[in-house]
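Work through the exercises below with the sequence and the model side by side. Try each task before reading its solution.

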Amino acid sequence: MSEEYLNLTNDQIAFPKLGIIFDADPTAFTIFGFEIQWYGLVITLGMILAIIYCFPQMKRYGIDPDRAIDAVIGGIVGGIVGARLYYVALEWDSYKDNIASIFNLRLGGLAIYGGIIGAFLVGGIVAKLRKVRLLPLLDIVGQGFLIGQCLGRWGNFFNQEAFGKNTDSIFGMTGGRIQSWISSSYINTNCYNNLQVDLNPDLPVHPCFLYESIWCLIGFIILAITARKMRKFDGQIFLMYIAWYGLGRAFIEGLRTDSLVIGNVRISQALAIVCVAAAVILLIVIGSKVKRMGTDYVLYCNTAESKELLLKSEEAKLKRKSKNSKAHSPAPEKDTDDDNNKNNETTDADKNEEE
């Protein structure tokens, strides 16, 4: 790299072969002395867009959105907690001397597989309690995951993390924090000590966050099209999500230099491979069974149970609207014509009495 790319400030990020250098402060803004990080904002935006996309789809899958919202909220909470616990558990040496830092999420430290596990467990429990069918709900959630992950990975961009080995690719990137971390911290990681991957701070690195973001975007498009035109059984889209994301993660994780490692094994890469194998097997086995069943298999959205629940939900909404409209409607005005008629009748009666 030329000299101008070797003396970057902490907040500068560069793509040398594209001739791009710009500032990217991890702190978006400050409120009452409290710094709001881009990392958290981007993840939150991803969640919001996922919810905006997914909730209008609920009825197409036979699910009552009013019931499902509790399961979604539970899944979000479980996902955040699970992602953090998974990361902390595998990086315990970095947190054991400062327990309070476990709760500081603004600087990163979330593992997606922990998030999926946490969201599945907590969301699944709440769905059971709210009597929401889990498999069609997961079909929607899988698409939402890809939206959230596609955007959420850009939080890693602002933090200058989740990058890979040195590369001469046109998309190779560098940054002040990247160079500093490679020079001072990389040799202390399990990834370096166990895998002995050399990393030169003077050379660009793979922008793994970008690869994964693009992979998730492509996956979302594929899943959205399949869900509309080729969904054969409940749970199919979620299994496709697991297979698609796992396939991309298995390759991208092999490039990263900040992997969570046990021995010589990259945990996320190994788990991704297992997930791909399991998902593909289940897709084939369940798909074959559904094909043999023919018309005997019915998607949940076409069942009497689903239609009855949605009908009751609509009736409940209409009743609430009716009550609200009555509560806010003005008091009826007196009929002036009736009052005039009554007055006329009284006058005529009085005249008759006088005669």
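**Exercise 1.** Which residues does Thr174 touch, not counting residues up to four places away in sequence?

*Solution.* This is a predicted model, in which local features need pLDDT of at least 70, side-chain atom pairs count only at pLDDT 80 or more, and totals for chains, interfaces and linings use all residues. Residues are numbered from 1 along each chain as its sequence is written, and side-chain values use heavy atoms, with hydrogens and water left out.

Step 1. Take contact as heavy atoms within 4.5 Å. Thr174 then touches Met1, Tyr5, Leu8, Ile13, Ala14, Pro16 and Gln179.

Step 2. Thr174 counts as buried because its relative accessibility is 1% (buried is under 20% relative accessible area, exposed over 50%, partly exposed in between, with a 1.4 Å probe and protein chains only).

Step 3. The side chains of Thr174 and Gln179 make a polar contact at 2.9 Å (a pair of N or O atoms within 3.5 Å; within protein, one must be able to donate a hydrogen and the other to accept it, and residues adjacent in sequence count only if both atoms are side-chain atoms).

**Exercise 2.** Find the order of the strands in the open sheet that contains E5.

*Solution.* Step 1. Two strands pair if DSSP finds at least two bridges between them. Four bridges join E1 to E2, and Phe15 stands opposite Ile20 in E2.

Step 1. The order is E2-E1-E5, with antiparallel pairing.

Step 2. E2 (20-23) and E5 each have a single partner strand, so one side of each lacks a neighbour in the sheet.

**Exercise 3.** Which residues of helix H6 are buried, and what do they pack against?

*Solution.* Step 1. In H6 (residues 176-184), the buried residues are Gly176, Ile178, Gln179 and Ile182.

Step 1. Down the axis of H6 they fall within an arc of 165°, so they line one face of the helix (the arc is that of the directions from the helix axis to the C-beta atoms).

Step 2. These residues pack against strand E1 (12-15) and strand E5 (174-175).

**Exercise 4.** Describe the hairpin of E3 and E4.

*Solution.* Step 1. E3 (residues 27-31) and E4 (residues 34-37) run antiparallel and are joined by four bridges.

Step 1. Thr27 has Gln37 in E4 as its bridge partner.

Step 2. Two residues lie between the strands, and Phe32 takes a positive phi near 50°.
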